[in-house]
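Hi,

Here is the structure for you to look over. My notes follow below it.

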Amino acid sequence: MFYDFSKKKPALFLAPMADVTNPAFRSIAHERGADFTYTEMIHSDGFNHGDPYAKNRGFSIQDVPYGIQIVGNNAESIAKAAAGLQDLFKPAVKVIDINMGCPAPPITKTGCGAALMAQDYGSPNHPASIVRRVSDAVELPVTAKIRIFKDDEKTIRLAKSLEDAGVSAITVHGRTKDQMYSGNANWDIIAKIKKELSIPVILNGDIVDEKALQSAMDLTGCDGYMIGRGAIGNPHLFWRLKSYLKSGEPENISAPDEFVVRIADLNQYFLLLKRYDLLPHVNIRAHAQWFTKGLPYSREMRLKINELHKDVKIREFSDAELTVERESLGIEIEEIFNEYADKCRQDYS
Ligand SMILES: Cc1cc2nc3c(=O)[nH]c(=O)nc-3n(C[C@H](O)[C@H](O)[C@H](O)COP(=O)(O)O)c2cc1C
């Protein structure tokens with residue numbers, strides 16, 4: 001098993017998120033309390049054809065177990081990439097996860113992500129067939145991340161077929177492909193899947209705070225809870241949830257303290273991005289916007305951040321130039337953050 005579910009109950013997972021869960025972000029999430037993290041999805045064809053960016057997403061900064069997620073449209077390509085990624089990142093990587101739930105049209109139009117769920121049983125590219133093929137190609141355990149169908153029975157059948165095919169655990173995002181990210185995640189169907197399966201089930205969708213976590217735990221009794229959007233710009237959420245799981249009480253954090261924590265996280269994030277040459281690959285402005293969300297003065301900060309280096313045409317930059325550009329942007333963003341942190345402290349003193 002890639003994670004000892006019997007040890008830490010329940011486990012908190014960081015969701016794989018493209019353009020978000022890069023190695024630096026995963027490292028901070030782990031330090032704040034995420035028990036397990038997955039890489040952003042790595043396209044199997046991209047990796048198999050030597051795309052350097054695909055490799056760039058797969059490593060880990062810390063010596064802690066993590067999983068690599070692969071997206072692709074056929075069993076052969078996914079299996080080949082899985083074997084290659086396993087060899088490249090062993091022994092740190094502990095599991096290969098297969099993306100069967102991404103609903104974004106550029107992904108599904110090419111038969112990847114949630115489009116796999118529409119394949120016929122028995123076809124070589126049905127999710128269960130893919131799991132069998134990938135399991136044959138790698139020594140690592142394999143997990144799957146799916147969405148739900150409108151029809152509960154259909155969803156349970158798919159989950160069971162994945163269990164039979166040998167997945168070590170399954171993550172279920174409680175929305176259909178067509179829902180994309182709208183409406184509420186359906187945790188009732190996840191509760192049914194948990195009852196039907198013997199392998200660990202990880203619930204995903206709408207865990208944004210202590211209350212949501214508690215409700216999802218009460219309803220489903222799942223083995224793990226995977227957090228996506230709630231952690232964007234806010235890896236500190238893992239610390240809050242972890243301390244809630246220990247004490248049973250939500251932490252009452254004052255606005256200035258929240259500010260200090262977010263600044264510390266952002267500073268560390270910049271530091272790691274620089275240290276590991278990740279700056280050219282990360283949209284630093286977007287991350288800064290996310291880190292300010294919900295803070296006092298967030299509107300003012302966001303407007304100021306938007307104005308920084310507004311007319312710079314980064315499309316024409318080399319990686320080296322991009323690094324310099326993003327480093328200076330990062331320093332200016334930190335200055336804005338620090339300015340408003342002082343204001344916030346004065347407001348509350
Ligand atoms: C920006 C963004 C990128 C995402 N990228 C991936 C991805 O690479 N692989 C994947 O399986 N899901 C991806 N997802 C979906 C999330 O992993 C998760 O299933 C979804 O956000 C629901 O969880 P949440 O309600 O906690 O956000 C992405 C979601 C977002 C918002």
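This is a predicted model: local features need pLDDT of at least 70, side-chain atom pairs count only at pLDDT 80 or more; totals for chains, interfaces and linings use all residues.

Residues are numbered from 1 along each chain as its sequence is written.

Helices (H or I, at least four residues) and strands (E, at least two) are DSSP runs, numbered from the N terminus. A residue is buried if 20 or more other C-beta atoms lie within 10 Å of its own, exposed if 12 or fewer, and partly exposed in between, with C-beta atoms placed from the backbone.

Start with strand E6 (residues 169–173). 5 of its 5 residues are buried, so the rest of the structure largely encloses E6. Ala169, Thr171 and His173 are buried on one side, Ile170 and Val172 on the other.

Strands pair if DSSP finds at least two bridges between them. E6 pairs in the parallel sense with strand E5 (residues 142–146) over 4 bridges. Lysine 145 has threonine 171 of E6 as its bridge partner. E6 also pairs in the parallel sense with strand E7 (residues 201–204), over 4 bridges. There, histidine 173 stands opposite asparagine 204.

Now helix H7 (residues 152–165). Its buried residues are Thr155, Leu158, Ala159, Leu162 and Glu163. They fall within an arc of 140° seen down the helix axis, so they line one face of H7. That arc is taken over the directions from the helix axis to the C-beta atoms. Glu153, Lys154 and Asp164 are exposed on the other side of H7. Glycine 166 follows H7, with a positive phi near 110°.

Best wishes

Key. A crossover is right-handed if, with the strands pointing away from the viewer, the path from the first strand over the helix to the second runs clockwise.
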